Each structure stands twice: as C-alpha cells, then as structure tokens.
Amino acid sequence: MYGKAETIALLDQARIAYELYEHEAVFTVEQAHAAGIPHQELGAKNLFLRDDKHRAYYLICLPDKKDVSLREIQGRLGSRRLSFASEKDLRSMLSLEPGSVTPLGALNDAERRVEVVIDQELVDAGRVTVHPCDNTATVLLATEDLIALLREHGHDVCVVNL
C-alpha cells in the first residue's frame with residue numbers, strides 16, 4: 001500500500017523531479033490555501049466519483065479554482081449519472097482517507113477499477129500540486145510525469161477538457 005513515505009520513495013525510485021511541502025492536515029482547498037502551501041496557482045482538487053450502478057469509478061483531478069458540475073463531468077466522460085463515491089469505497093479501493101484524495105491514490109487500486117481523469121488545463125499548466133496519499137504533505141511535479149507514472153503502473157489515465 002502506498003502511503004506518504006511509500007509514494008515519496010516511488011517518486012525517488014522513478015527519478016521524478018518533485019518538490020515536497022509538509023504542512024498541517026488540510027481537508028479542503030480553502031484550508032490548503034490558508035496553510036500557505038506554495039504554488040497555489042498549480043493546486044488541484046480531486047473528486048472520487050461513481051456511476052449510479054456502482055460499476056464505473058472515476059478519480060477526477062482538476063484545477064482547484066475550477067467549478068464543474070457532476071452533470072458536466074458526466075457529459076464529458078459519456079458516463080451514467082455520477083455521484084460521490086462513499087468513504088468506504090475510498091478506503092477499500094484507494095486506501096485513502098477523506099481529505100487525502102489524490103491521483104497518486106490510484107497506485108493503491110490493485111483491481112484497476114478506478115479511471116483517473118485529469119483536466120486538460122492541468123496538463124497545459126505543465127505542473128500540478130497533489131497530496132502524496134496523505135493530506136499532511138503536498139508534492140509539486142510535472143503533470144506529464146504524474147500521468148506517465150500512473151500509466152507505468154497499469155492505470156488508465158484520461159485527459160479531458162472539463
């Protein structure tokens with residue numbers, strides 16, 4: 001299972017350049033901004049969603065300043081009706097706690113049930129800040145490195161203009 005230490009070790013092992021910022025636990029974008037985490041312009045918010053049949057699960061990563069409705073995301077993905085996945089699903093599928101949702105959590109999805117969706121705006125920005133599977137730290141890394149790492153570990157990553 002990937003927690004903070006294991007995720008950082010994986011980034012080191014993969015020789016991915018990153019900057020690590022340790023901070024108090026943050027559970028919302030507002031708390032992250034208040035904590036003074038650097039590179040706020042590259043911040044991401046992450047949504048763990050499921051369809052109404054509990055068949056498709058999505059980890060959506062988009063700029064933290066962007067407001068997109070679930071209906072809009074559903075339309076862009078061509079999925080059935082979406083809602084937030086349960087805390088139980090978050091723990092069992094991604095081994096994450098609420099407030100720690102991150103695309104890096106897909107590394108814990110051994111069954112490969114969760115599709116990672118990254119907003120095109122984050123790709124265009126070139127870099128993104130995300131939690132390393134723990135909301136007491138944030139890493140800044142190249143968005144393409146994040147996508148490549150997830151794909152190298154067998155995870156579907158879809159880039160969509162949300």
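Predicted model: local features only at pLDDT ≥ 70, side-chain atom pairs only at ≥ 80, totals over all residues.
Residues are numbered from 1 along each chain as its sequence is written, and side-chain values use heavy atoms, with hydrogens and water left out.

A quick word on terms. Helices (H or I, at least four residues) and strands (E, at least two) are DSSP runs, numbered from the N terminus. Two strands pair if DSSP finds at least two bridges between them.

So what does strand 2 pair with? Strand 2 and strand 3 (residues 57-63) run antiparallel and are joined by seven bridges. Their hairpin has five residues between the strands, and there His54 takes a positive phi near 60°. Strand 2 is also joined to strand 4 (residues 82-84), again antiparallel, by three bridges. Here Leu49 is the residue opposite Phe84.

Is strand 2 buried or exposed? Eight of its eight residues are buried, meaning under 20% relative accessible area, with exposed being over 50% and partly exposed in between (1.4 Å probe, protein chains only). In a regular strand the side chains alternate between the two faces of the sheet. Here, Ala44, Asn46, Phe48 and Arg50 point one way, while Lys45, Leu47, Leu49 and Asp51 point the other.

Now look at strand 4. Ser83 lies in this strand, and it counts as buried because its relative accessibility is 18%. Setting aside neighbours within four places in sequence, Ser83 is in contact (heavy atoms within 4.5 Å) with Phe48, Leu49, Arg50 and Leu70. Ser86 sits in the loop between strand 4 and helix 4. With 33% relative accessibility, Ser86 counts as partly exposed.

On to the largest pocket, which holds about 590 Å³ of space. Of its 31 lining residues, Phe27, Lys45, Asn46, Gly99 and Val101 are the closest to its centre. For the definition: on a 1 Å grid over the protein atoms alone, a pocket is an open set of points where a 1.4 Å probe fits, with protein on both sides within 12 Å along at least five of seven lines, and lining residues have an atom within 4 Å of a point. The volume is the space filled by probe spheres set on the points, which are joined across faces, edges and corners.

Which element gives the most to this lining? That is strand 2, with five residues. Helix 2 (29-34), helix 4 (87-94) and strand 6 (127-130) are among the elements that each supply at least two.

Finally, there is an open sheet of three strands in the order 1-7-6, with antiparallel pairing. Strand 1 (18-22) and strand 6 stand at the edges with a single partner strand each, so one side of each is left without a neighbour in the sheet. Strand 6 is joined to strand 7 (residues 137-142) by four bridges, and Val130 has Val139 as its bridge partner. Helix 6 (residues 143-152) lies across strand 6 and strand 7, running at about 95° to strand 7; angles run from 0 to 180 degrees between N-to-C directions, with axes fitted to C-alpha atoms, for helices over the stretch in contact. Thanks, everyone!
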